[in-house]
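Hi! Here's the structure I promised to pass on.

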Amino acid sequence: MIRTFELHRQTIKEVTEETQPLARRLAQSTWIDAHEPDDEERDRLNAFLADELPAGEDVEEIESSARYFVDADGIHVHSLFLSQSEGRHGNTTVAFILQPERLITFRDCELADFRLLRLRARSGQVEASSAQTLMMTIFEQKVENLADTLEDIHRKLEDVSHLVLEEEGSDLEDAIDQLAKLEDSNGKIRLCLMDTQRSVSFLIRHLRGHSEIQETAREVMRDVETLMSHTAFLFDKINFLMDSTQGFINIQQNQIIKIFSIAAVVFLPPTLVASIYGMNFTHMPELTWTFGYPFALGLMVVAGVSPYLYFKHKNWL
């Protein structure tokens with residue numbers, strides 16, 4: 001799908017297919033957002049740009065020379081954004097092509113940042129004076145969304161902390177599963193923040209003539225540095241809760257093993273007594289004794305109760 005946006009009185013306004021044909025919208029657009037374009041849309045975009053759109057494998061390259069460069073088509077930035085699918089976070093790359101009068105974005109999946117930006121544009125809440133300021137607005141929106149997601153992770157960690165440290169009889173295995181998911185999400189967010197640092201630093205170097213954009217970019221960088229510190233704090237908290245959870249699980253398992261060990265020790269002496277009087281020797285005085293059977297039963301009870309009382313006295317139970 002190809003969406004086009006125009007600048008109208010310093011705000012971004014979406015131009016739909018019902019109002020103008022695609023060729024005219026492309027020519028007059030300030031922002032072209034290509035979301036999973038089909039073959040026909042790709043051909044039309046390639047013809048309009050007089051160049052090939054980046055392929056999926058090119059967008060996912062990790063070396064800086066492939067993610068940030070300048071050529072005849074404009075400034076190219078391939079930046080990681082946070083995505084969500086089936087309750088789990090992931091990273092997806094968005095390709096930006098920044099030209100003097102136009103911004104082109106190419107992505108393979110729906111992203112919350114772009115969805116929210118479209119909703120704000122429909123309400124006239126996205127202010128921009130050029131394609132360059134619009135691109136920086138997208139990065140501002142990206143950082144805001146990452147900050148909101150970190151707040152959600154922090155709230156979920158508080159719930160897991162209560163579950164592990166305060167709630168008796170809680171499901172600790174479920175807590176470990178939750179912590180693993182939160183750690184993965186926090187790692188994906190940190191990766192996005194690190195990539196944002198690289199992207200904004202690249203834009204600062206190549207947009208030196210735009211003082212307003214430079215100031216906005218520096219604010220974004222300060223926000224990113226603050227959020228990086230917050231992700232480090234969350235990693236420490238997750239590791240603490242993970243260690244605590246595993247420690248409590250080990251304590252529970254040790255309690256179970258201790259019970260079995262004590263039971264084995266308690267029943268060992270009575271078993272020894274029963275084994276002795278279960279022997280089939282001819283000359284055993286107690287076999288002909290009238291009180292031999294009650295004596296053997298009493299001896300087994302005393303042999304079993306004595307270790308139990310000793311463990312109780314030592315506070316091992």
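Helices (H or I, at least four residues) and strands (E, at least two) are DSSP runs, numbered from the N terminus. Keep in mind that this is a predicted model, where local features need pLDDT of at least 70, side-chain atom pairs count only at pLDDT 80 or more, and totals for chains, interfaces and linings use all residues. Residues are numbered from 1 along each chain as its sequence is written, and side-chain values use heavy atoms, leaving out hydrogens and water.

Now the helices. H6 (residues 131–165) and H7 (residues 172–206) have axes that come within 10 Å and cross at roughly 160°. That's why H6 and H7 are roughly antiparallel to each other (the label for angles over 145 degrees). The residues of their contact split into 20 nonpolar, six polar and three charged (Ala, Val, Leu, Ile, Met, Phe, Trp, Tyr, Cys and Pro count as nonpolar, Asp, Glu, Lys and Arg as charged, and the others, Gly among them, as polar).

Then there's an open sheet of seven strands with mixed pairing, in the order S2-S1-S3-S7-S6-S5-S4. Strands pair if DSSP finds at least two bridges between them. At the edges sit S2 (11–15) and S4 (68–71), each pairing on one side only. S1 (residues 2–8) pairs with S2 in the antiparallel sense over five bridges, and leucine 7 stands opposite isoleucine 12 in S2.

Enjoy exploring!

Technical notes: Axes are lines fitted to C-alpha atoms, for helices over the stretch in contact, and angles run from 0 to 180 degrees between N-to-C directions. Angles under 35 degrees count as roughly parallel, over 145 as roughly antiparallel, 65 to 115 as roughly perpendicular and the rest as oblique.
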